[in-house]
Amino acid sequence: PDFLKKPDEYPVTGEHNGHKVRAEGKQRLDAEGKPYPTKLGIHGTIVAVDFDCCVADGVCHDVCPVNVFEWLLNPGKSGSGNDLWPLPQDLHDKYRTDKADPIRENDCIFCMACETSCPVSAIKINPP
Ligand code: SF4
Ligand code: F3S
Ligand code: ZN
């Protein structure tokens, strides 16, 4: 959640749909000691979504009053009825699930509904 205070651990590694992407510098291990996939990174700054955490629940889309989110793998679509679930195997191997892309993060009004609703705490709101 405090990735903005740790630019060395979470450097900006790219841009996507008009927002910054930050990768995680350190590799995490899962409960069995296997490397946990952290390569997808954090999309967005004001509305930051940890793509390695997001499991495509979709409640963030449903509660957002200003329609900030769209599905990464289903562009132009939002809402918890995600057509691409379950994912085809090749996409699943790469992404595990679809991801909530904060394509309109600049429209955010900081209501915090998405951050408090996400069942896996994948979202951090950072008012500028
Ligand atoms: Fe939308 Fe509110 Fe989340 Fe901002 S804080 S992205 S306005 S649900
Ligand atoms: Fe993902 Fe959480 Fe939204 S799991 S789709 S960020 S509610
Ligand atoms: Zn993105």
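Me: What are the ground rules for the numbering and the model?
Reply: Residues are numbered from 1 along each chain as its sequence is written, while chains are lettered from A and ligands numbered from 1 in the order in which they are written. In this predicted model local features need pLDDT of at least 70, side-chain atom pairs count only at pLDDT 80 or more, and totals for chains, interfaces and linings use all residues; side-chain values use heavy atoms, with hydrogens and water left out.

Me: What makes a residue a donor of the zinc ion (ligand 3)?
Reply: Donors are N, O and S atoms within 2.8 Å of the metal (3.2 Å for Na, K and Ca); water is not among the atoms, so sites may look incomplete. His16 (ND1), His19 (NE2), His43 (ND1) and Asp101 (OD) lie 2.0 to 2.1 Å from the zinc ion. They therefore count as its protein donors.

Me: Why is the arrangement around the zinc ion (ligand 3) called tetrahedral?
Reply: Four donors count as tetrahedral if all angles lie between 85 and 135 degrees. Here the 4 donor atoms subtend angles of 98 to 121 degrees, so the arrangement is tetrahedral.

Me: How are the donor residues of the zinc ion (ligand 3) spaced in sequence?
Reply: The spacing is H-x2-H-x23-H-x57-D. His16 lies in strand E1 (residues 12–16) and Asp101 in strand E6 (residues 100–101), so this pair ties together parts 85 residues apart in sequence. Strands (E, at least two residues) are DSSP runs, numbered from the N terminus.

Me: What makes up the shell around ligand 1?
Reply: It has 13 nonpolar, no polar and no charged residues. Ala, Val, Leu, Ile, Met, Phe, Trp, Tyr, Cys and Pro count as nonpolar, Asp, Glu, Lys and Arg as charged, and the others, Gly among them, as polar. The closest residues are Cys64, Cys108, Cys111, Met112 and Cys114.

Me: How many elements does the chain have, and why is it called as compact as a globular protein of that length?
Reply: The chain has 3 helices and 7 strands. Its radius of gyration is 14 Å, close to the 14 Å that the globule rule gives for 128 residues, so it is as compact as a globular protein of that length. The radius is taken over C-alpha atoms, and the rule is 2.2 Å times the number of residues to the power 0.38.

Terms used
Four donors count as tetrahedral if all angles lie between 85 and 135 degrees; four count as square planar and six as octahedral if opposite donors are over 155 degrees apart and all others between 65 and 115; anything else is irregular. Helices (H or I, at least four residues) and strands (E, at least two) are DSSP runs, numbered from the N terminus. A residue is near a molecule or strand if one of its heavy atoms lies within 4 Å of it.
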